[in-house]
Amino acid sequence: MGKSEDKDRKNLGKKLKDVEISIPIVYGNIAFWLGKKASEYHSHKWTVYVRGSTNEELGPFIKRAVFQLHSSFNNPTRVVNSPPFELSESGWGEFEIAITIYFHSDICDKPLNLYHHLKLYPEDENSSMSTKKPVVVECYDEIVVPDPSEAFLARAQSHPAVNFPRLPAGLTLPPPIPVEDASKRRKGDTKDHSLCQWFMNFSEADELLQLAAARQQVHLT
């Protein structure tokens, strides 16, 4: 390896002070009642997931997601190593699912722990269950990466899932890494997902303003 290549590698690992990058995410579940096909222990089919708030792929940032199900499930620890980060199951009971997100090494070495209460039944007790309209419960959050590495910044600045910051005066950006082939990216995004029509919309400005006061920003340090 030449000196210039070695220098470039060191620069990519350098931290950029006073810069924050945020990655908006949504996590939650969608549950369908099985109607006449329902049995005592399998009344609903459900999917739990972590997705980009605008359904962009999260693979460039998230390495894998681990979903910890109730101990009554076979193999309750489910590992998803590529996007979309989701799993589907069937059952009858509601319970808390622990979601552990692991990031690529140039973002953060520590995993992020999220908790989601699986919902199968309508919140309104007077609502009747339907096989056509699912129960949807989602939470909006932002993963905030302070002092990002130049390598991460170069990868993030051309990615639509990232809220790119206003940079300090005098800071020169590293050359952007070209966005990967669109066909490959579509495999990991959720824009054409079979459940996409039921996803909540967190991209509208007024909704984001309403969420701003209540949302929790997860800072990776």
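Predicted model: local features only at pLDDT ≥ 70, side-chain atom pairs only at ≥ 80, totals over all residues.
# Notebook: aromatic cluster, sheet and cavities

Both Trp-46 and Phe-73 are buried.

**Entry 1. Aromatic pairs.** I searched the whole structure for ring pairs and got 4 aromatic pairs. For Trp-46 and Phe-73 I noted ring centres 6.0 Å apart and planes at 80°, so I logged this pair as edge-to-face. An angle over 60 degrees is what puts a pair in that class. I then looked up where the two rings sit in the chain. Trp-46 belongs to strand β2 (residues 44-52), while Phe-73 is in the loop between β3 and β4; the two are 27 residues apart, and the pair links distant parts of the chain.

I checked Phe-73 for a further partner and found Phe-95. This pair is tilted, with 5.6 Å centre to centre and 50° between the planes. Phe-95 lies in the loop between β5 (85-91) and β6, and Phe-73 in the loop between β3 and β4, so the pair ties together parts that are 22 residues apart in sequence. Is Phe-95 buried or exposed? Phe-95 is buried, as is Phe-73. I wrote down Trp-46, Phe-73 and Phe-95 as a cluster linked by ring pairs.

**Entry 2. Chain overview.** I counted elements next. The chain has 4 helices and 9 strands. Read from the N terminus, the order is α-β-β-β-β-β-β-β-β-α-α-α-β. The chain has 221 residues, and 40% of them count as buried.

**Entry 3. Strand β2.** I returned to the strand that carries Trp-46. Of the 9 residues of β2, 8 are buried, and I noted the strand as mostly covered. I looked up the pairing of β2 with two strands. With strand β1 (residues 20-33), β2 pairs in the antiparallel sense over 9 bridges. One contact I recorded there is Ile-30, whose bridge partner in β2 is Thr-47. With β5, β2 is joined by 7 bridges, and these strands also run antiparallel. Here Val-48 stands opposite Leu-87 in β5.

**Entry 4. The open sheet.** In what order do the strands of the open sheet come? I found 4 strands in the order β4-β3-β6-β7, with antiparallel pairing. β4 (77-80) and β7 (112-117) are the edge strands, each pairing on one side only. From one strand to the next the twist averages 20°.

I went through two of the pairings in detail. Strand β3 (residues 62-68) and strand β6 (residues 96-103) are antiparallel and pair over 6 bridges. Within this pairing, Ala-65 has Ile-101 of β6 as its bridge partner, and Phe-67 stands opposite Ile-99 in β6. β3 is joined to β4 by 4 bridges, again running antiparallel. Gln-68 stands opposite Thr-77 in β4.

I also looked for a charge over a ring. The charged end of Arg-64 sits over the ring of Tyr-102, at 4.2 Å from the ring centre.

**Entry 5. Cavities.** I asked how many cavities of 30 Å³ or more the structure holds. The count is 2. I followed up the second largest cavity, which has a volume of about 30 Å³. The residues lining this cavity are Tyr-49, Val-50, Arg-51, Pro-84, Phe-85, Glu-86, Thr-190 and Phe-199. Which strands each supply at least two residues of this lining? They are β2 and β5. β2 gives the most, with 3 residues.

Entry 6. I compared its position with that of Lys-36, 95 residues apart from Thr-131 along the chain. The C-alpha atoms of Thr-131 and Lys-36 are separated by 9.2 Å.

Notes:
Residues numbered from 1 in each chain as written. Heavy atoms only, no water. Pairing = 2+ DSSP bridges. Axes fitted to C-alpha atoms, helices over the stretch in contact; angles between N-to-C directions. Phe/Tyr/Trp six-rings, centres within 6.5 Å; stacked < 30°, edge-to-face > 60°. Buried < 20%, exposed > 50% of the residue type's maximum accessible area, 1.4 Å probe, protein only. Lys NZ or Arg CZ within 6 Å of the ring centre and 35° of its normal. 1 Å grid on protein atoms, 1.4 Å probe; cavity = no way out; pocket = protein on both sides within 12 Å on 5 of 7 lines; lining within 4 Å. Points joined across faces, edges and corners; volume = space filled by probe spheres on them.
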